[in-house]
Amino acid sequence: MSARTLPLLFLNLGGEMLYILDQRLRAQSIPGEKARKDEWTDVDRKRVMNDIIATMFNHKFMEELFKPQELYSKKALRTVYDRLAHASIMRLNQASMDKLYDLMTMAFKYQVLLCPRPRDLLLVTFNHLDAIKDFVYESPAILNQVDETFRQLIETYSCLSDGEFQLIRQTLLIFFQDMHIRVSIFLKDKVQNSNGRFVLPISGPVPWGTEVPGAIRMFNHKGVEVKRTEFTSAGNYVAPQREGSFELYGDRVLKLGTNMYSVSRPVETHVAGSSKNMASHAKENTAPSPVAKEELNFLARLLGGLDIQKPGGGETGFRLNLFTTDEEEEHAAQTRPEDLSYKVINIEATQERRAELSRILGELEVPEPRPDSAGKGEDLLALMDGL
């Protein structure tokens with residue numbers, strides 16, 4: 001396991017979350033002069049995006065994130081994203097948050113699988129950050145936060161060897177290996193099977209620094225080529241024209257990690273049958289363990305750096321429903337496999353509480369989801385329409 005994987009996982013998943021929210025908020029926003037009090041406007045969309053990005057790239061939070069550490073469980077990271085998604089006036093029900101998280105994880109899993117070289121994971125991350133900078137180009141202070149993280153990525157990862165990037169890639173694949181959520185975009189493009197597993201192409205550009213397959217060369221003991229045999233490869237491979245830029249600004253060349261929601265497309269998620277069966281039999285050990293204890297401490301450190309903005313005055317949180325109807329959202333919450341339904345743990349991560357957190361893990365009570373607040377977006381269309 002690589003101790004340098006967490007920042008790449010967090011930033012790429014966060015980028016996918018921002019793509020999804022921006023796409024749906026844009027689709028549902030109403031011109032300000034025509035909007036009712038309970039409807040989203042473009043001003044609301046910008047506020048949500050700015051608040052989430054400012055929280056995501058908080059300096060203290062990034063400091064904790066970039067410390068060398070092993071990956072923790074999906075539930076621990078899910079808790080962080082729940083806090084992020086609610087860092088503004090937007091509110092998501094648990095079922096909608098589950099769907100959002102499914103889309104985030106499956107999109108990044110596909111990108112990791114398709115990466116030509118392990119080092120190209122950094123280019124995927126840069127693509128996400130480039131797009132995030134476009135979201136906040138009108139907010140210099142937030143833009144500076146993103147640029148600071150950009151520089152930190154370059155400083156931390158540009159010196160790593162190919163072997164270290166390979167270890168990072170393997171760590172990510174281990175994290176994603178049991179996740180087989182079907183997504184309609186992938187199903188319609190025939191890059192995902194009905195069981196939720198991805199179909200990897202056998203054609204296209206080869207990794208930078210490698211040659212198109214089709215020749216076997218033999219060398220003597222002096223390193224001189226003495227024989228060459230040509231063969232026909234199964235795929236249609238081409239050589240890349242140039243390497244993507246690893247600088248703060250530049251052409252990344254690689255398209256993985258760019259916004260696939262920039263063109264409005266219906267997206268739906270379903271738990272694949274194999275995952276549903278696994279979830280029905282998976283029961284977590286409720287006894288405290290040293291690993292779980294460390295995980296809670298990890299959450300305390302991360303969440304302690306999140307400065308969550310509470311709606312001010314009498315302002316209520318605006319609800320965003322990622323399903324077509326409220327009934328569909330309720331049905332999804334009721335039928336969600338237990339192992340994949342994440343309850344939110346509210347952690348008071350002040351300095352005084354951190355010592356206490358590690359002692360109460362075995363007795364921790366998970367609060368029931370809070371009642372939905374009334375507000376904007378009551379009739380918003382789903383993030384993804386049905387298949």
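Let me begin with Ile53, which touches Leu18, Ile132, Phe135, Val136, Ile142 and Val146, leaving aside residues up to four places away in sequence; contact here means heavy atoms within 4.5 Å. The model is predicted, so local features need pLDDT of at least 70 and side-chain atom pairs count only at pLDDT 80 or more, whereas totals for chains, interfaces and linings use all residues. Residues are numbered from 1 along each chain as its sequence is written, and side-chain values use heavy atoms, with hydrogens and water left out.

Buried means under 20% relative accessible area, exposed over 50%, and partly exposed in between, with a 1.4 Å probe and protein chains only. In soluble globular proteins, nonpolar side chains tend to be buried together.

I turn to a helix pair. The axes of H6 (residues 121-135) and H7 (residues 140-157) come within 10 Å and cross at roughly 170 degrees. Axes are lines fitted to C-alpha atoms, for helices over the stretch in contact, and angles run from 0 to 180 degrees between N-to-C directions. H6 and H7 are therefore roughly antiparallel to each other, the term for angles over 145 degrees. On the H6 side, the residues that meet H7 include Leu122, Phe126 and Leu129; on the H7 side, Val146, Phe150 and Tyr157 are among them. By class, this contact has 10 nonpolar, one polar and three charged residues.

Next, the strands. E4 (residues 215-219) and E5 (residues 225-230) run antiparallel and are joined by five bridges; strands pair if DSSP finds at least two bridges between them. Arg217 stands opposite Arg228 in E5. The hairpin has five residues between the strands, and Gly223 takes a positive phi near 85 degrees.

Finally, the whole protein. It has 13 helices and eight strands, which are DSSP runs of at least four residues (H or I) and at least two (E), numbered from the N terminus. Buried residues make up 49% of the 387 residues.

Conventions. Angles under 35 degrees count as roughly parallel, over 145 as roughly antiparallel, 65 to 115 as roughly perpendicular and the rest as oblique. Ala, Val, Leu, Ile, Met, Phe, Trp, Tyr, Cys and Pro count as nonpolar, Asp, Glu, Lys and Arg as charged, and the others, Gly among them, as polar.
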